[in-house]
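Please keep the sequence and the 3D view open while reading.

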Amino acid sequence: MCIRDRGKARSMDLQLQNKVVIVTGAGHGIGLATARAMAAEGARLIGATRTPTPELAEVARVVVPVDLTDPDAASVVTEAALDLGAGIDGVVNCVGAGDFGPQTLAGFLEIPDEQWTDLLERNL
């Protein structure tokens, strides 16, 4: 991974070589960028996503297609990580809402309970 310091690129050692790291929401966007960064640092990456992508398959040791709003999903991802024969050294949660059904745009008290529940289940 590189960082910029006054326009000059510098390497950054995150000490992730051979560490088992789970990245959730790893199929697209920030999750995929995080997965790429972890893999570039040498992590043995487990990519958890509802929508597996070829880009994730390029960098992940294991891709786990899973919907993390399902109560059993966390154990599926954990088992996939533990199947690598080591413990879990890190987890980065990048799951987020953004592609669910129509939303009510209103004041705080006018938003239906179902919308709040869906938003919280996806983001917490």
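## Overall make-up

Of the 124 residues of the protein chain, 30% count as buried, where buried means under 20% relative accessible area, exposed means over 50% and partly exposed lies in between, with a 1.4 Å probe and protein chains only. This is a predicted model, in which local features need pLDDT of at least 70 and side-chain atom pairs count only at pLDDT 80 or more, whereas totals for chains, interfaces and linings use all residues. Residues are numbered from 1 along each chain as its sequence is written, and side-chain values use heavy atoms, with hydrogens and water left out.

The protein chain has four helices and six strands, which are DSSP runs numbered from the N terminus (helices: H or I, at least four residues; strands: E, at least two). Read along the sequence, these elements follow the pattern β-β-β-α-β-α-β-α-β-α. Among the contacts in the protein chain with a separation of 6 or more, 47% are between residues 24 or more positions apart, a contact being heavy atoms within 4.5 Å.

## The sheet and its crossover

Four strands form an open sheet in the order β5-β4-β3-β6, with parallel pairing; two strands pair if DSSP finds at least two bridges between them. The edge strands are β5 and β6 (90-93), each of which pairs on one side only. On average, neighbouring strands of this sheet are turned by 15 degrees against each other, direction ignored, with axes taken as lines fitted to C-alpha atoms, for helices over the stretch in contact, and angles running from 0 to 180 degrees between N-to-C directions.

Strand β4 (residues 44-49) is joined to strand β5 (residues 62-65) by four bridges, and the two run parallel; Ile46 has Val62 as its bridge partner in β5. Together with helix α2 (residues 54-59), β4 and β5 make a right-handed β-α-β unit, right-handed meaning that, with the strands pointing away from the viewer, the path from the first strand over the helix to the second runs clockwise. Helix α1 lies across β3, β4 and β6, running at about 170 degrees to β3.

## Nonpolar cores

The largest nonpolar core has 11 residues, including Leu16, Leu32, Leu56 and Ala60; such a core is a set of buried Ala, Val, Leu, Ile, Met, Phe, Trp, Tyr and Cys residues joined through side-chain atoms within 4.5 Å. Both β3 (20-24) and α1 (29-40) supply at least two residues of this core, and the largest share, three residues, comes from α1. A second, separate core of 10 residues includes Ile46, Ala73, Val77 and Ala81.

## Two residues in detail

Met38, which lies in helix α1, counts as buried because its relative accessibility is 14%. Not counting residues up to four places away in sequence, Met38 touches Leu16, Val21, Val23, Ala43, Leu45 and Val92. Met38 and Lys19 are 19 residues apart in sequence and 9.5 Å apart in space, C-alpha to C-alpha.

Asn18 lies in the loop between β2 (8-11) and β3, and, although Asn18 is not a glycine, it has a positive phi of about 65 degrees.
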